[in-house]
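Please look through the sequence and the model shown here before reading on. The paragraphs that follow begin at the surface and then turn to the fold, the core and the charged pairs.

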Amino acid sequence: MKKNFTSTLIMLGVLLGLSAWYVLYEQKYKPEQKEKEDQSKKLISLEADQISEFKLTRLKNPPAENSNTVVQNPEYESIELKKTGPDWFIVSPVQTKGDNTAITSLLSSLCSAKQERMVEEKPKDLSVFGLKDPILKISLKKDSTSPALEVSVGGNT
């Protein structure tokens, strides 16, 4: 009778140990680690509702698709947008009210974008990636005094 009670206590101890591991590791530590990993892969460290200014700059004369040629005389055109209260306004090249839904959707997509892989930590030549004269540059600001965060989009990058 005493032997059966000892094995029951051992099994109860194992059950308590596994339960503690599940609560501490699986429920608390693992989700925190996953969140940190996801945050480190984000292209932009801001949330969409924190952005008050952004600028889209597009290359007017991009090279042919799947071409590694460098554009000789790159020409760019830009659109600048600013948030005033809850509304977005286009301030350049024309001054008008922006489409809040479309702009918010664009910013949400951009802020949730994540890098898939790193090709080179500090490349010496950006033209290999199509980033010497990027096809699209996106510049974001939290407010007018904060430094701009930039994302450049190259040919296939």
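A nonpolar surface patch of about 940 Å² is formed by I10, V14, L18, W21, Y22, V23, L24, Y25 and Y29. Patches of this kind are built from residues with over 30% relative accessible area and no salt bridge, with nonpolar side chains (Val, Leu, Ile, Met, Phe, Trp, Tyr) joined within 5 Å and like charges joined within 9 Å, and the areas come from the Shrake-Rupley method with a 1.4 Å probe, only the protein chains shown counting as cover for residues. Because its relative accessibility is 53%, L18 counts as exposed, where exposed means over 50% relative accessible area, buried under 20%, and partly exposed in between (1.4 Å probe, protein chains only).

The model is a predicted one, in which local features need pLDDT of at least 70 and side-chain atom pairs count only at pLDDT 80 or more, whereas totals for chains, interfaces and linings use all residues. Residues are numbered from 1 along each chain as its sequence is written, and side-chain values use heavy atoms, with hydrogens and water left out.

The secondary structure comes to two helices and six strands, which follow the pattern α-β-β-β-β-α-β-β along the sequence; helices (H or I, at least four residues) and strands (E, at least two) are DSSP runs numbered from the N terminus. The six strands form an open sheet in the order β4-β3-β2-β1-β5-β6, with antiparallel pairing, two strands being paired if DSSP finds at least two bridges between them. The edge strands, each pairing on one side only, are β4 (96-97) and β6 (149-153). Strands β5 and β6 pair in the antiparallel sense over five bridges, and the bridge partner of K137 in β6 is S152.

What lies inside? In soluble globular proteins, nonpolar side chains tend to be buried together. Here the largest nonpolar core has 14 residues, and those with the most contacts inside it are I44, I51, F54, W88, I103, L107 and L140; such a core is a set of buried Ala, Val, Leu, Ile, Met, Phe, Trp, Tyr and Cys residues joined through side-chain atoms within 4.5 Å. Helix α2 (100-111) and strand β5 (136-141) each supply at least two residues of this core, and the largest share, four residues, comes from α2. Leaving aside residues up to four places away in sequence, I44 touches L110, C111, L140, L149 and V151, a contact meaning heavy atoms within 4.5 Å. Of the 157 residues of the protein, 17% count as buried.

The whole structure holds two salt bridges, each defined as a side-chain nitrogen of Lys or Arg within 4 Å of a carboxyl oxygen of Asp or Glu. In one of them E77 pairs with R58, the closest N and O atoms being 2.1 Å apart. Since E77 lies in strand β2 (residues 76-84) and R58 in strand β1 (residues 53-59), the pair ties together parts that are 19 residues apart in sequence. E77 counts as partly exposed at 31% relative accessibility, and R58 counts as partly exposed at 44%. The side chains of D87 and K97 also meet in a salt bridge, at 3.8 Å from N to O. D87 lies in strand β3 (residues 87-92) and K97 in strand β4, so this pair ties together parts that are ten residues apart in sequence.
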